[in-house]
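Colleague: I am new to this one. Could you take me through it by question and answer?

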Amino acid sequence: MSFADALEGLLDAPGALGAAFIDPQGEIIARVGDASATEVLGAYQSVWMGELRRAAERSALGEIADLTFEFEKRRILTTHVKAGYFVLVVFDAAGQTHVARPRLDEARVRLAAEIS
């Protein structure tokens, strides 16, 4: 299985523009869909995830599972895979993130099994 194979099903959700598997430093390991949709957001998402992870630890909230951001022109769905790796899915403004959640869970399991 390639990393991109694990991401493919995420693009079936209505409004999905692109998805990326990203390492803890914000580098894209694999991507599907529109590259421009995930390029800049991948690096920023890495920063947001790191800051939120530290805040969650300080607050004793436990691990971050999923994050959803809604902007005027985009919706972003992110899930932690393991060891700082995460998946980012970018949707248009009308994107249906709830449709992608079960597929995101499947991708998380597949990707976590591939990284040591």
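Modeller: What follows goes from the whole chain to two of its residues, and the model is a predicted one.

Colleague: In what order do the helices and strands come along the sequence?

Modeller: The chain has 3 helices and 5 strands. Read along the sequence, these elements give the pattern α-β-β-α-β-β-β-α.

Colleague: What radius of gyration does the chain have, and why does it agree with a compact globule?

Modeller: The chain has 116 residues, and for that number a compact globule would be near 13 Å. The C-alpha atoms fill a box of roughly 35 × 35 × 25 Å along the principal axes. The chain agrees with the globule value because its own radius of gyration is 13 Å.

Colleague: What share of the contacts with a separation of 6 or more joins residues 24 or more positions apart?

Modeller: For the setting, 40% of the 116 residues count as buried. The chain exposes about 6100 Å², with carbon and sulfur atoms supplying 51% of that area. Among contacts with a separation of 6 or more, the share from residues 24 or more positions apart is 50%.

Colleague: How far apart are the centres of the positive and negative side chains?

Modeller: There are 12 positive and 17 negative side chains in the chain. The centres of these two sets lie apart by 3 Å.

Colleague: Is Thr38 buried or exposed?

Modeller: Thr38 belongs to helix H2, which covers residues 35-58. Beyond four places in sequence, Thr38 touches Gly18, Ala19, Ala20, Ile28, Arg31, Leu88 and Val90. Buried means under 20% relative accessible area. Thr38 has 0% relative accessibility, so Thr38 counts as buried.

Colleague: Which side chain makes a polar contact with the side chain of Thr38?

Modeller: One of the residues that Thr38 touches is Arg31. At 3.2 Å, the polar contact of the Thr38 side chain is with the side chain of Arg31.

Colleague: Why does Arg108 count as buried?

Modeller: Arg108 sits in helix H3, residues 97-114. The cut-off for buried is under 20% relative accessible area. Arg108 is therefore buried, as its relative accessible area is 19%.

Colleague: Which side chain makes a polar contact with the side chain of Arg108?

Modeller: Leaving aside neighbours within four places in sequence, Arg108 is in contact with Ala65, Asp66, Thr79, His80 and Val81. The side chain of Arg108 makes a polar contact, at 2.4 Å, with the side chain of Thr79.

How values were computed. Residues are numbered from 1 along each chain as its sequence is written. This is a predicted model: local features need pLDDT of at least 70, side-chain atom pairs count only at pLDDT 80 or more; totals for chains, interfaces and linings use all residues. Side-chain values use heavy atoms; hydrogens and water are left out. Helices (H or I, at least four residues) and strands (E, at least two) are DSSP runs, numbered from the N terminus. The radius of gyration is taken over C-alpha atoms; the globule rule is 2.2 Å times the number of residues to the power 0.38. Buried means under 20% relative accessible area, exposed over 50%, partly exposed in between (1.4 Å probe, protein chains only). Contact means heavy atoms within 4.5 Å. Accessible areas come from the Shrake-Rupley method with a 1.4 Å probe; for residues, only the protein chains shown count as cover. Lys and Arg count as positive and Asp and Glu as negative; His and the chain ends are not counted. The place of a charge is taken as NZ of Lys, CZ of Arg, CG of Asp or CD of Glu. A polar contact is a pair of N or O atoms within 3.5 Å; within protein, one must be able to donate a hydrogen and the other to accept it, and residues adjacent in sequence count only if both atoms are side-chain atoms.
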